[in-house]
Amino acid sequence: MTASKIKFDIDCLDIVIARNCQLNCRGCITFSDHNLVKGYTKINDSLAWLEFWSQKLRPKTLHLFGGEPLMHPELLEWVKHASNFFKQTIDIQTNGIKVNSLDQKELSEMILKDRKSTRLNSSHT
């Protein structure tokens, strides 16, 4: 196997897709609550990056987070494209505030896609 074909097994690949959040948690590690950085990572701007890293890394889990990923207008597209490059489990870290407002059909598509699993994780304190 040539050096360019080697894939490294890693536990988790973290991808920040949102810098906005409805909360103002003291100690937020992404600084999303400090009004210093705002916005969303656009999926079309990230496709080349996803393809590049999918050829280099084999994570057990792909972790989409930020500020609040459920506020991202392209969240479903992120999950669809990310799952095309990485077939592993996809975790979406959320504060849970928008879970009930998600379109149930879109949520089902996101969770039931052909991969190990998609999980919504919440650990708001």
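Predicted model: local features only at pLDDT ≥ 70, side-chain atom pairs only at ≥ 80, totals over all residues.
Trainee: Is tryptophan 53 buried, exposed or partly exposed, and why?
Mentor: Tryptophan 53 counts as partly exposed because its relative accessibility is 30%. Buried means under 20% relative accessible area, exposed over 50%, and partly exposed in between (1.4 Å probe, protein chains only).
Trainee: How many aromatic pairs does a search of the whole structure find?
Mentor: The search finds 1 aromatic pair. Phenylalanine 52 and tryptophan 53 form that pair, edge-to-face, at 4.9 Å centre to centre and 85° between the planes. For the rule, rings of Phe, Tyr and Trp (its six-membered ring) pair if their centres lie within 6.5 Å; planes under 30 degrees apart are stacked, over 60 edge-to-face, the rest tilted.
Trainee: New topic. Which residues of helix α2 are buried?
Mentor: In α2 (residues 75-85) they are Leu75, Leu76, Trp78, Val79, Ala82 and Ser83. They sit on the same side of α2, because they cover an arc of only 155° around the axis. That arc is taken from the directions from the helix axis to the C-beta atoms. Helices (H or I, at least four residues) and strands (E, at least two) are DSSP runs, numbered from the N terminus.
Trainee: What is leucine 62 in contact with?
Mentor: Leaving aside neighbours within four places in sequence, leucine 62 is in contact with Leu13, Ile15, Ala82, Phe86, Thr89, Ile90 and Asp91. Contact means heavy atoms within 4.5 Å.
Trainee: Where is asparagine 20?
Mentor: Asparagine 20 is in the loop between β1 and α1. With 15% relative accessibility, asparagine 20 counts as buried.
Trainee: Which residues does asparagine 20 contact?
Mentor: Beyond neighbours within four places in sequence, they are Lys38, Gly39, Tyr40, Gly67, Glu68 and Met71.
Trainee: Last one. How many disulfides?
Mentor: The count is 0 disulfides, where a disulfide is a pair of cysteine sulfur atoms within 2.5 Å. Cysteine 12 is partly exposed at 36% relative accessibility, and cysteine 21 is partly exposed at 22%.

Terms used:
Residues numbered from 1 in each chain as written. Heavy atoms only, no water.
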